[in-house]
Amino acid sequence: MSANVLEITDSVFDTEVLKSTLPVIVDLWAPWCGPCRMLAPLMETLAGSYRGKLKITKINTDDNPEMSTKYQVMAIPTLLFFKQGQLVERSTGVKSQNELEEIIRTSLGVTK
């Protein structure tokens, strides 16, 4: 994993996501999930492109089921988009870089 993407757990979710001063994308994934592994390099690219403007995190749903339950995640990969501690958008499945950048721009108000 890139140093740009922060791996988090249920126990630090509030601090890293809800109390973050930056908008946050939470990538809910599992090691056995093929589409999750396909999405990982794109998340690393986005984290590098938006460094200092956006925080990108990953949470392993197998090891950390609490957030999956709280946010009613029924399939992975699921991306949760937070701005000022509020969930503003969600996306399930693999998306293109252009699709994700559109969500980042429109839902989070962040540009490169």
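Strands β2 (24-29) and β3 (55-60) run side by side in the parallel sense, joined over six bridges (strands count as paired if DSSP finds at least two bridges between them). Tryptophan 29 sits opposite asparagine 60 of β3. To get from β2 to β3 the chain passes through α2, and this β-α-β crossover is right-handed; that is, with the strands pointing away from the viewer, the path from the first strand over the helix to the second runs clockwise. Helices and strands here are DSSP runs numbered from the N terminus (H or I, at least four residues, for helices; E, at least two, for strands). This is a predicted model, where local features need pLDDT of at least 70 and side-chain atom pairs count only at pLDDT 80 or more, while totals for chains, interfaces and linings use all residues. Residues are numbered from 1 along each chain as its sequence is written, and side-chain values use heavy atoms, with hydrogens and water left out.

β2 has another partner too: with β4 it pairs in the antiparallel sense over five bridges, and valine 26 stands opposite leucine 80 in β4. Six of the six residues of β2 are buried, so the strand is largely enclosed by the rest of the structure (buried means under 20% relative accessible area, exposed over 50%, partly exposed in between, with a 1.4 Å probe and protein chains only). Val24, Val26 and Leu28 cover one side, with Ile25, Asp27 and Trp29 on the other.

α2 takes in 16 residues, 34-49, and at 1.5 Å a residue it should span 22 Å; its end C-alpha atoms are 24 Å apart, which agrees (the expected span is 1.5 Å times one less than the number of residues). The helix bends by about 30 degrees at alanine 40, with proline 41 following within four residues; the bend is the angle between axes fitted to the seven residues ending there and the seven starting there. Among its buried residues are Cys36, Leu39 and Met43, and the buried set packs against β1, β2, β3, β4 and α4.

Threonine 57, in strand β3, counts as buried at 0% relative accessibility, and its contacts (heavy atoms within 4.5 Å) include Val5, Val26 and Asp27. Asparagine 64, in the loop between β3 and α3, is buried at 10%. Valine 94, by contrast, is partly exposed at 38%, and it touches Pro35, Met38 and Pro77, not counting residues up to four places away in sequence.
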